[in-house]
Amino acid sequence: MEAHEFDELYAASFRRITSQVYAMIGNLDEATECVQEAFARAWANRRKLDRAEYPEAWVRTTAYRLAVSRWRRTRLAKRPVDRAVGAATETPGIDESHVALVAALRQLPQAQRQALVLHHIADLPIHQIAAEIGVPEGTIKARLSRGRTALAALLTDETNGGLAGGMSHV
Amino acid sequence: MSDPIEKLTRLGEALEGAPMPLPASEVRARGDRIRRRKHAVIAGASAAVVAAGAVPVVAFTLDGSDDGEPPVTPQPTVTDTNPVPSAALSEENLLTDEQAIYPNGGSDWRVRDTYPGDGQSAFSPCTQQSMAGLGAEKVFKRDFDFVVLPSEEIEPTVHLNEIIAEFPTATDAEAAAGAIHGWLQDCLPPGAEEYGAGRFTTVPIPVDGTAKAQVSTYGPVDESIDPFGDFSYFLETGVVVSGDRVAVLTQIVPGQDYNWEEGTPVEQMLPDAAQQLAIGNESPTEVEPSDGTDWPTALSPDFPLTSGWPEDDGSAEFQLTPPSIDNQAMIPAGELTACDQSATDPGSVDRLTTRLSLGSSAYVREVLLFADDTEAARFLDSVQDVYSGCPTDDQNGTPPTFTTEVGQGAIGEESWVITRASDGIGRVAINVVRVGNAVVVDVASDEGTGDTVMDLATVTRENLADVVAALNDLQGGGSSGSSGPDLSAPAGVTSIPDGFPLDLALSEPPVEDGETTIEGPDADVAGVRPQTACRAALAMPDAERPDAEHELGYSVSSVEGYEGRTIRAYPTVQDALDLMEKLRTQLMGCDRDSEGDGLSDRLWRTFNSDTGYDSVTFGYTYEVVDNVGAPAGQLYTVVRVGNAVLAVEWSGEYSADYQAEAAPDQVELTRLIADEMCVFAAAGC
């Protein structure tokens, strides 16, 4: 991948991937940083990344794993300096309805949330999600079905006065 | 309320139009730093970072980076520890005033400074490490001024320097040249925003060795030189390797074009540079005849020349011509001919040749005896020369049919591994091994894809084990028979020595922080984790019978992956041998499997594993189906020294290509640790 090709990929997909990862993890700053880091790794691996292997999917998966890894280490506020590509990121304000939606998403089990985001935001077909996550297609279908139902219920609760609910938290 | 799915879909547009937090160039710069760090090896190969300023236009530091990260050293592609006898390198080996030319008729180069060592500035804006850091024992550098004739004015924006270096071995020199080639292929000079790497072209030289030239461009050019932005820097580099010496010519010219009908300046200077470099350097591969040796003069008809080849399965495709001197020899059969050259037989005294055809695969082996070891070495060099002479670059615009690579091997007293890979179907692996006055040549070819030729080379080399052992026996140095060591006897050392450096690092050692967890070295640390291939638990230390008393483990977990190492001492050498044999058998019978977890199949491969010891390197990555496959895999190197076995694991998110590129690093790391395992070999290493 040449520099101009990378730059085009970055310009075309950075915001899209960031919004997808944001939807998956619920933290926009963290999503932005992880996507930046994932792009940096994509450039570091540019000779190995077969362009036909969906570079965007590679970046998204890497960013998501980075985010999960950071979350697991509960180091969200103490990011090592060398992980930062540059200065602290400044993310734009997000519409309130989006905030509410992300808050609802965060109450879904991680697997359902990931399936919903990849299918409805990343617009990936079910077989591709199955390959990207590494589970059978039937499992993805079930997660989507349950996730839609749960999300609708959460947003209904929201309309009725809050985000209370008994969904399991990741 | 609105449809939640519609809301969800619109969330993807939440950041539409938002400003990008960082320009792509900064992200790429970060990626470049990651890449350099991944390739960094051997802490302690220090490079003196020198202040910029000696070169007015292109100010660069020796490590070529802007972040203080460790400098990069090359990855040796071959293992060779034999020192090369040579006269000391000196200033006399540099290009002279007269030889340094700029053939445009109106300019010339004049020597400005000459000094020992790497000098006060890097020799190229792509330099990532000093020559000393690459392992050179002696270095000299000469800077030239660009003189405009007839005014004799010095033009400070045009640069030429030559650096020459002498390494401990010819292999080290080749590795250094390889590293320099790599820097020039993937470079972003300090201050530059773009870099276009040119192709390397081979330049004929009048001495033994190779010379290549490359013209690259980068920019932008400083405004003081190019106020209108029409120029690029033309970076022309010539790299000469001759024996254990390397010379690098670096010329930087700002301009709009760089056209030379009679050859570029560096191309025209390289033959002289090579000639100068070779002054006082003896042949690196000359073998002195061993006096008083009764060389074997005859081969037994029972010599196991077909050992390791596929066995007769009764199919009509299996067509074996048993070993015999009556079979046509390989040279007249054209089987050691390539690129218009043929090997020459300096006068063998006995020979056996055998051939096997099996479907689309063809195998040929020949063992020859010579008058002495010098003659045998000469024949070995002759074979190597044939393939070393094959072009690696386009010839008159036509790419070579096969990509030919020649590297030194690690079996016998001296060996070469030659691979020839087509860009599609077709691969050839040639192993040439000398033991005393005997040489065996092994050629295997099939219709595998060219990109897997190293797999073929690895398998064929391993299949030669019995043949090489028989050559050792022939020379009276074999270990078979009643006089050999009892491999089943209790080993002398069965516990891991205190302070064993299982945590050796190729780069700066990892540091534990919130994202990196380091465990060990400690007997209780798992290190390499159990693994299966084709549903069988792989025979590796710790995988079958954990034994803290005789084991040591070490691991590093980070977001970039998992590195695990386990060393285990077995009761006998035979136990360790059995483990390695079982592991190899498991790997040979498994090229793909599935863990049944919905992921695509795992594709298993073996890699070149030249540790200098009994070792195997292998790994898997996930198959890509319909352009989708998990970007992850695991890479293992397992090495035996005496009665101890060390396993190294690296797991991470990477593609098959990246794994193949990283394998030599892991082999090198394993070799370093294996060097510390000689205590487990009864006779040392």
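This is a short walk through a predicted model, taking chain A and then chain B.

Quick housekeeping before the details. Residues count from 1 along each chain as its sequence is written, while chains are lettered from A and ligands numbered from 1 in the order in which they are written. As the model is predicted, local features need pLDDT of at least 70, side-chain atom pairs count only at pLDDT 80 or more, and totals for chains, interfaces and linings use all residues; side-chain values use heavy atoms, with hydrogens and water left out.

Okay, chain A. We've got 7 helices and 0 strands there, where helices are DSSP runs of H or I, at least four residues, and strands are runs of E, at least two, numbered from the N terminus. Of the 170 residues in chain A, 52% are buried, meaning under 20% relative accessible area with a 1.4 Å probe and protein chains only (exposed is over 50%, partly exposed in between). Now contacts, that is, heavy atoms within 4.5 Å: taking those in chain A with a separation of 6 or more, 68% are between residues 24 or more positions apart.

Let's zoom in on one helix pair. H5(A), residues 110-121, packs against H6(A), residues 126-133, at about 135 degrees, and the axes are 10 Å apart. The axes are lines fitted to C-alpha atoms over the stretch in contact, and angles run from 0 to 180 degrees between N-to-C directions. So which residues in H5(A) meet H6(A)? They're Gln114(A), Ala115(A), Leu118(A) and His119(A), and on the H6(A) side you'll find Ile126(A), Ile129(A), Glu132(A) and Ile133(A). Within H6(A), Ile129(A) and Glu132(A) are buried, as are Gln128(A) and Ala130(A).

Confidence is lowest in helix H2(B), residues 24-39, at a mean of 69, and highest in strand S4(B), residues 159-166, at 95. Residues 284-288 of chain B stay under 50, with 13 contacts beyond four places in sequence. Residues 478-484 of chain B are below 50 too, with 6 contacts beyond near neighbours in sequence.

Last stop: Ser107(B), in strand S1(B), residues 107-116. Is Ser107(B) buried or exposed? Buried, at a relative accessible area of 11%. Beyond its neighbours within four places in sequence, Ser107(B) touches Tyr102(B), Phe146(B), Val147(B) and Leu149(B).

Definitions and conventions: pLDDT is the predictor's confidence in each residue, from 0 to 100.
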